[in-house]
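This note sets out comments on the model shown below, as numbered points. Please read them with the structure open.

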Protein chains: 2
Amino acid sequence: MSLPPPAGVIKLDQNEVPIPPPQHVVEAAAQALAVANWYQPAALYDEVRALYAEYAGVAPAHVWLFPGADDFFEYILHRARKVAVVSPTYFLFEDQARFHGVELLQTPLRGEEFKLDLAEFLSAAKRADAVYIDNPNNPTGQLLLRPKEVEEVLALGKPTVVDEAYFEFSGVTVAQLAEAWPNLAVVRTMSKAFLLAGMRVSPVIVGAGYRLHYNTVRFRVSLSSLAAARAALYNRGYVGEVVKIVKEGAAYLREELARLGIKAWPTYANFILVKGPPGLAAVLREYGVWVRDEEQRLGPGHVRITVGTPEINAQLVRTLKTVLKASLPQPSA
Amino acid sequence: MSLPPPAGVIKLDQNEVPIPPPQHVVEAAAQALAVANWYQPAALYDEVRALYAEYAGVAPAHVWLFPGADDFFEYILHRARKVAVVSPTYFLFEDQARFHGVELLQTPLRGEEFKLDLAEFLSAAKRADAVYIDNPNNPTGQLLLRPKEVEEVLALGKPTVVDEAYFEFSGVTVAQLAEAWPNLAVVRTMSKAFLLAGMRVSPVIVGAGYRLHYNTVRFRVSLSSLAAARAALYNRGYVGEVVKIVKEGAAYLREELARLGIKAWPTYANFILVKGPPGLAAVLREYGVWVRDEEQRLGPGHVRITVGTPEINAQLVRTLKTVLKASLPQPSA
């Protein structure tokens with residue numbers, strides 16, 4: 001059976017939290033499997049919507065559930081020819097946009113701290129049909145805009161997607177602005193802090209300007225995924241614990257990496273961007289550690305690493321020590 | 001917990017087979033839940049594609065998996081302004097098309113046997129940007145086109161969707177034509193004879209003219225749904241048993257209904273269209289039997305009823321007897 005994660009691998013390349021979903025969530029989903037010959041009832045979809053709405057502090061009518069953010073991105077990409085984005089940004093959005101022939105008006109993040117120049121971004125957004133911004137940004141882990149600044153973007157009147165996939169770690173959200181701004185869509189996910197990546201539940205909080213078809217969208221998230229999401233939202237104390245583990249892990253990694261002479265940026269997500277010796281991602285892979293190589297986008301030695309559990313983080317640090325030692329010139333005998 | 005089916009209801013309104021998925025499928029899906037903090041691997045998606053391709057007799061590259069047919073329908077509906085359809089047809093396709101402002105060029109099914117006039121349909125298809133036909137048709141249960149006739153439609157060169165959701169019951173398919181015709185898309189499902197409605201796995205077999213983006217589509221079907229589909233396809237002997245039960249059930253129902261003076265059409269699917277006294281669906285609902293009311297589309301007394309297990313079918317017949325008796329004028333005392 002080819003279930004994840006791959007055997008013998010430390011998998012830190014897709015920002016999955018390496019902690020299994022809690023028992024109450026697994027059990028709720030498992031109960032649903034036994035009756036999976038039936039379609040998921042509308043009432044269950046609506047219940048999960050309402051629970052998520054309560055969690056996000058918005059009215060239920062603003063919340064839709066998709067089996068992944070990309071399914072919602074199609075909504076934007078089928079209606080736009082030019083989308084304003086920052087650069088770098090979530091690579092799957094870029095990839096999907098290019099696939100659809102949508103032009104990306106890119107505003108580069110600038111300087112050592114990957115700052116966004118709001119005026120420059122607004123100027124690009126004015127020329128675009130839609131706006132996409134991941135906040136915090138992937139792969140840098142930086143928060144790019146404060147809510148007040150998002151409102152400046154919204155004031156342009158373009159359909160504007162704020163991707164808050166890492167909201168639970170950043171603590172910063174504009175979800176509640178969807179009540180006032182018809183053009184806002186806030187993308188969330190249960191893939192990270194809720195530990196449900198494989199279940200495919202991506203809540204999207206939309207303003208009144210988005211026209212979605214209830215009877216088609218509601219069938220896309222499976223019965224057992226809805227059951228899992230329902231249990232997770234009802235009893236969500238574990239999310240806080242996950243966030244605590246991740247934040248402590250990120251702090252530990254930054255400290256240890258600094259000691260090894262590897263630059264590690266601060267993060268508002270469950271991953272850290274680091275800069276080590278050129279070819280770092282490829283060498284780590286030889287040691288069974290999978291990370292995301294960002295050399296092509298950010299230059300030699302740049303790697304995005306998912307924060308793991310204390311054990312996994314310690315293992316990563318040990319492997320990095322070995323790698324760095326092996327790559328140093330050896331003293332001649 | 002709001003899991004289906006609703007308590008105390010005989011649910012025959014959505015063409016779900018009222019038999020739970022087999023143990024090997026449930027167990028495979030349950031195993032996946034424990035590791036659902038990980039994304040589904042591409043290798044698993046590809047494995048299910050390959051298994052379905054083998055089942056359908058096509059090359060794996062033609063097979064895509066969607067979390068429901070409607071997710072694929074968006075592909076068509078975003079690219080077409082006019083779609084040729086038969087009437088009546090699958091109501092969710094009609095509904096979704098109208099929602100997107102797509103014009104439906106409808107060719108009515110004619111006569112007591114709901115026959116399609118191919119010449120009339122071709123003439124409409126010529127004026128359309130795309131073609132959708134459900135074969136067998138929903139809600140009539142009739143096979144509308146033979147493969148040779150589908151080729152006449154394909155020869156027009158329009159993107160053409162043949163919805164074979166009920167293929168396992170009809171035994172008639174054009175899936176293999178996707179190798180030769182770039183404009184053909186054959187929609188299948190694991191919701192019916194595979195007993196996995198709630199899992200959301202709809203394979204679509206497309207010709208070379210369809211451009212789908214692997215890295216976005218592949219994330220939409222959940223890890224446990226892929227695990228379920230994989231187990232179901234590997235060990236699919238049960239599908240034949242389901243089809244046998246359904247076919248015997250349909251024959252039984254037609255015979256019993258005829259005896260009750262209710263017209264029941266022959267069927268190539270797991271539902272039968274019947275014509276009883278006006279208001280039949282509404283009265284059945286009062287007795288806890290849910291069926292699909294087709295009065296609006298087909299006229300008084302028309303109802304689409306899912307074929308159940310022998311026990312459920314017998315219960316339905318008993319309820320119909322009660323209903324018919326109650327609705328007859330009573331002899332005066």
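1. Strand 10 (residues 271–275) and strand 12 (residues 302–306) of chain B pair in the antiparallel sense, over five bridges. Strands pair here if DSSP finds at least two bridges between them; helices (H or I, at least four residues) and strands (E, at least two) are DSSP runs, numbered from the N terminus. Within this pair, B:Phe271 stands opposite B:Thr306.

2. This is a predicted model: local features need pLDDT of at least 70, side-chain atom pairs count only at pLDDT 80 or more, and totals for chains, interfaces and linings use all residues. Residues are numbered from 1 along each chain as its sequence is written, chains are lettered from A and ligands numbered from 1 in the order in which they are written, and side-chain values use heavy atoms, without hydrogens and water.

3. Both strands of point 1 belong to an open, mixed sheet of five strands in chain B, ordered 1-11-12-10-9. Its edge strands are strand 1 (10–12) and strand 9 (263–264), each pairing on one side only. Helix 10 (residues 237–259) of chain B packs on this sheet and touches strand 9 and strand 10, where contact means heavy atoms within 4.5 Å.

4. In chain A, seven strands form an open sheet of mixed pairing, in the order 2-8-7-6-5-3-4. Strand 2 (63–66) and strand 4 (103–108) of chain A each have a single partner strand, so one side of each is left without a neighbour in the sheet. Strand 3 (residues 82–87) of chain A pairs with strand 4 in the parallel sense over six bridges, and A:Val85 has A:Gln106 as its bridge partner.

Definitions and conventions
Axes are lines fitted to C-alpha atoms, for helices over the stretch in contact, and angles run from 0 to 180 degrees between N-to-C directions.
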